[in-house]
Amino acid sequence: MRDNMTKSALSHKAERFTESVIREMTRLAQIHGAVNLAQGFPDFEAPKEIKEAACQAIMADINQYAITWGSKSFRNAIAAKAGQHMGLEVDPEREITVTCGSTEAMIATLLAVVNPGDEVIIFEPFYENYGPDTILSGAIPRFVPLRPPDWTFDLEELERAFTSRTRAIIINTPNNPTGKVFSRQELQDIADLCRKWDVLAITDEIYEHIVYDGHVHTPIVTLDGMRDRTITINALSKTYSVTGWRVGFVIASPQLTQGIRKVHDFLTVGAPAPLQEAGARALAMPRGYYTELAAGYQRKRDLLLHALRAAGFDCSTPYGAYYIMAGFGALSPLNDTDFTRYLVKDIGIAVVPGSSFFHEPERGSGYVRFCFCKKDSTLQSASERLQRIHLNQ
Ligand SMILES: Cc1ncc(COP(=O)(O)O)c(C=O)c1O
């Protein structure tokens with residue numbers, strides 16, 4: 001017989017957030033046999049040379065714990081790539097922590113640098129995880145809106161969000177879900193405020209190589225005075241199409257890295273050892289790999305964007321990452337959750353309701369998010385299904 005517990009089963013923190021809507025949509029897609037344009041993972045093959053490097057590492061018996069903050073070869077590769085691509089000199093011994101994806105990188109960072117009650121500025125809409133991350137770390141989020149169609153922020157509004165209680169600002173560029181690529185001037189404005197208020201910039205740059213139409217990704221760490229107050233988060237997940245490997249990393253000053261490494265060690269001990277060896281191979285890919293990656297995604301973006309606009313969605317063009325925030329006001333009076341349910345059940349496409357990216361759900365109720373990191377045939381099939389929306393109205 002089971003005994004009922006009298007005390008509350010869950011902690012106050014765990015009670016304050018819900019299951020991930022994005023991951024739930026992937027499960028719903030499977031149940032309804034829908035095309036999954038919800039969760040941002042590729043349905044095509046990962047690069048062959050990287051997979052081979054992973055197999056070789058396993059066969060060479062690199063199967064035990066790596067050094068908790070990352071294998072030497074992988075950290076060296078991260079430092080070398082930061083030098084080549086960002087012009088940044090990074091000490092692999094003291095400034096890099098390898099984590100289980102950028103997901104762990106973000107929570108380990110927040111737990112290491114934020115005290116309960118500290119304020120953290122977050123641009124909204126934001127990648128879903130940042131909400132629970134602030135709750136788990138005890139941070140108080142201060143949201144600053146990015147407004148369509150360009151998803152720009154108002155500088156005065158941002159200035160008002162900074163106070164003596166602000167510990168950090170979270171930046172995600174190129175941005176999920178909006179596709180915004182923060183301009184150099186916008187990042188300069190953010191950097192100026194960080195310096196003025198002695199605030200850390202925590203920047204999630206997991207889509208750094210996925211930029212379109214000549215847009216350029218600027219790492220905020222390279223701006224004047226930002227080297228020691230920036231924590232740069234990245235991962236193999238999106239750049240090398242290996243979201244299931246769970247390998248990410250954090251670049252930060254030695255002082256900050258010390259704290260991040262301690263938290264990381266007790267959260268996970270370490271990231272998968274053989275996949276770090278394969279990661280070293282991945283980071284050594286020639287420049288052409290990144291150009292092709294972006295060009296391939298730009299084509300996919302155009303394919304889906306065209307289909308969405310033809311079906312009556314209102315979308316601004318994303319200049320980076322692989323998502324489209326699509327307004328559906330002209331198509332349906334439903335709210336985002338009901339419209340998402342309709343799309344997955346009746347149309348056969350899984351998407352993410354816009355409210356998942358806002359702290360006040362109503363703000364996202366007119367949007368759904370589509371991802372386009374899929375085979376052309378998957379996008380084609382989604383495009384055909386999108387045409388049925390009119391037939392159903
Ligand atoms: C902005 C952003 N950060 C982090 C992640 C998760 O990255 P990882 O798989 O490396 O944990 C995602 C995944 O969609 C993302 O869009």
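**Exercises on a pocket, a helix pair and a cavity**

The largest pocket is lined by 32 residues, and Thr 18, Glu 19, Val 21, Glu 128 and Ser 356 lie nearest its centre. The model is predicted: local features need pLDDT of at least 70, side-chain atom pairs count only at pLDDT 80 or more, and totals for chains, interfaces and linings use all residues. Residues are numbered from 1 along each chain as its sequence is written, and side-chain values use heavy atoms, with hydrogens and water left out.

**Exercise 1.** State the volume of the largest pocket and describe its lining.

*Solution.* Step 1: a pocket is an open set of points on a 1 Å grid over the protein atoms alone, with protein on both sides within 12 Å along at least five of seven lines, and lining residues have an atom within 4 Å of a point. Step 2: the volume of the largest pocket is about 770 Å³. Step 3: at least two lining residues come from each of helix H2 (21-32), helix H5 (101-113), helix H6 (130-137), strand S4 (140-145) and helix H12 (336-347); helices (H or I, at least four residues) and strands (E, at least two) are DSSP runs. Step 4: H6 supplies the largest share, 6 residues. Step 5: the lining has 14 nonpolar, 11 polar and 7 charged residues.

**Exercise 2.** Describe how H5 crosses helix H9 (residues 254-268).

*Solution.* Step 1: two packed helices are described by the angle between their axes and the distance between the axes. Step 2: the axes of H5 and H9 come within 8 Å and cross at roughly 120°. Step 3: H5 is therefore oblique to H9 (angles under 35 degrees count as roughly parallel, over 145 as roughly antiparallel, 65 to 115 as roughly perpendicular and the rest as oblique). Step 4: the crossing of H5 and H9 is right-handed. Step 5: residues of H5, including Glu 104, Ile 107 and Ala 108, meet residues of H9, including Leu 256, Gly 259 and Ile 260; contact means heavy atoms within 4.5 Å. Step 6: by class, this contact has 9 nonpolar, 4 polar and 1 charged residues.

**Exercise 3.** Determine how many cavities of 30 Å³ or more the structure holds, and characterise the largest cavity.

*Solution.* Step 1: a cavity is a set of points where a 1.4 Å probe fits but cannot get out. Step 2: a search of the whole structure finds 4 cavities of 30 Å³ or more. Step 3: the largest cavity holds about 100 Å³ of space. Step 4: among its lining residues are Ile 78, His 85, Glu 208 and Phe 249. Step 5: H4 (72-86) gives the most to this lining, with 5 residues.

Methods
Grid points are joined across faces, edges and corners, and a volume is the space filled by probe spheres set on the points. Ala, Val, Leu, Ile, Met, Phe, Trp, Tyr, Cys and Pro count as nonpolar, Asp, Glu, Lys and Arg as charged, and the others, Gly among them, as polar. Axes are lines fitted to C-alpha atoms, for helices over the stretch in contact, and angles run from 0 to 180 degrees between N-to-C directions. A crossing is left-handed if the near helix is turned anticlockwise from the far one by less than a right angle, and right-handed if clockwise.
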